[in-house]
Amino acid sequence: MRAIDTPDPRGEDQLADEVVVRLTDDLAGLHRGVLTRDEVEDVVRSSYEELARKARITAFLPVLARHRAEDRLVDLARQRHESARPVPKVVFVCRHNEGRSQLAAALLDHHAKGRVDVRSTGIEPTGRLNPVAVQALAELGVPLAEPYPEPPSDALIRRADVVVNIGAADARPDIPGARYVDWDLPDPAGRPLEEVRELRDELDRRVRVLLDELTA
């Protein structure tokens with residue numbers, strides 16, 4: 001479902017401050033002992049302001065700001081030779097982040113049960129979900145209900161252990177040092193449920209192999 005902006009009686013500055021404080025409270029706890037609260041707040045505020053300047057759908061700003069800030073905070077902690085996240089990170093990239101990358105990320109997250117940090121993203125994200133893909137996943141008891149339209153930032157790619165491009169290898173972000181894996185699989189857009197089930201099952205097979213590799 002596409003997010004719809006609605007007027008808010010609070011001013012933009014007050015809304016921004018409330019979001020920054022809330023995100024800082026959450027992220028400062030995750031990085032306690034590695035980064036100070038002031039450092040976390042500075043990163044959160046700059047991340048929020050950068051996104052806000054070009055956002056067309058402001059309903060997504062808090063979650064996208066959290067993602068961007070968290071990526072940067074992990075990079076900052078790593079520069080200090082600290083381990084801010086002890087689990088491997090996988091980023092799935094497709095064209096619109098509506099079907100393939102969402103399916104793969106949901107399946108890996110389901111099987112990993114917290115052993116892998118999973119993110120999905122799109123070169124040209126739309127903020128929608130393919131309803132047939134949602135149905136196919138639901139048949140396995142795997143929920144898919146939060147389509148955050150996040151493009152693949154440099155920080156997101158840099159901190160990934162594996163970047164899996166699904167049908168988007170021609171437009172993938174080229175970050176030195178990143179490990180890329182290309183899966184040439186069809187876009188489920190416009191395809192019947194039977195074909196999307198086949199795609200789901202193939203993605204399920206591949207993410208299980210990847211999970212075994214990452215957690216061996």
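At 0% relative accessibility, V40 counts as buried, where buried means under 20% relative accessible area, exposed over 50% and partly exposed in between (1.4 Å probe, protein chains only). The structure is a predicted model, in which local features need pLDDT of at least 70, side-chain atom pairs count only at pLDDT 80 or more, and totals for chains, interfaces and linings use all residues. Residues are numbered from 1 along each chain as its sequence is written, and side-chain values use heavy atoms, with hydrogens and water left out.

V40 belongs to helix 2, residues 37-54. Helices (H or I, at least four residues) and strands (E, at least two) are DSSP runs numbered from the N terminus. Leaving aside residues up to four places away in sequence, V40 touches T24, L27, A28, L35 and L73; contact means heavy atoms within 4.5 Å. The C-alpha atom of G29, 11 residues from V40 along the chain, lies 9.8 Å from that of V40.

The packing partner of helix 2 considered here is helix 3 (residues 61-79): the two axes come within 8 Å and cross at roughly 130°. Axes are lines fitted to C-alpha atoms, for helices over the stretch in contact, and angles run from 0 to 180 degrees between N-to-C directions. On the helix 2 side the contact involves E39, V40, V43, V44, S46, S47, Y48, E50, L51 and A52, and on the helix 3 side L61, L64, A65, R68, A69, R72 and L73. Helix 2 and helix 3 are therefore oblique to each other, given that angles under 35 degrees count as roughly parallel, over 145 as roughly antiparallel, 65 to 115 as roughly perpendicular and the rest as oblique. Their crossing is right-handed; a crossing is left-handed if the near helix is turned anticlockwise from the far one by less than a right angle, and right-handed if clockwise.

A second pairing involves helix 4 and helix 7, which pack at an angle of about 50° with their axes 9 Å apart. Helix 4 and helix 7 are therefore oblique to each other, and the crossing of helix 4 and helix 7 is right-handed. From helix 4, R100, L103, A104, L107, L108, H111 and A112 meet L199, R200, L203, D204, V207, R208 and L211 of helix 7.

Helix 4 (residues 100-112) has 13 residues and reaches 18 Å from its first C-alpha to its last, close to the 18 Å expected at 1.5 Å a residue, the expected span being 1.5 Å times one less than the number of residues. Because 11 of its 13 residues are buried, helix 4 is largely enclosed by the rest of the structure. Its buried residues are covered by elements including strand 1 (89-94), strand 2 (117-122), helix 5 (131-138), strand 3 (162-166) and helix 7. Just after helix 4, K113 takes a positive phi of about 55°.

The protein chain as a whole has 7 helices and 4 strands, in the order α-α-α-β-α-β-α-α-β-β-α from the N terminus. Of its 216 residues, 46% count as buried. Among contacts with a separation of 6 or more, 70% join residues 24 or more positions apart.

Confidence is expressed by pLDDT, the predictor's confidence in each residue from 0 to 100. The protein chain averages a pLDDT of 84, and 86% of the residues score at least 70. Among the elements, helix 7 (residues 193-215) has the highest mean pLDDT (96) and helix 6 (residues 154-158) the lowest (81). Over residues 1-10 pLDDT stays under 50, and the model has 15 contacts beyond four places in sequence for this stretch.
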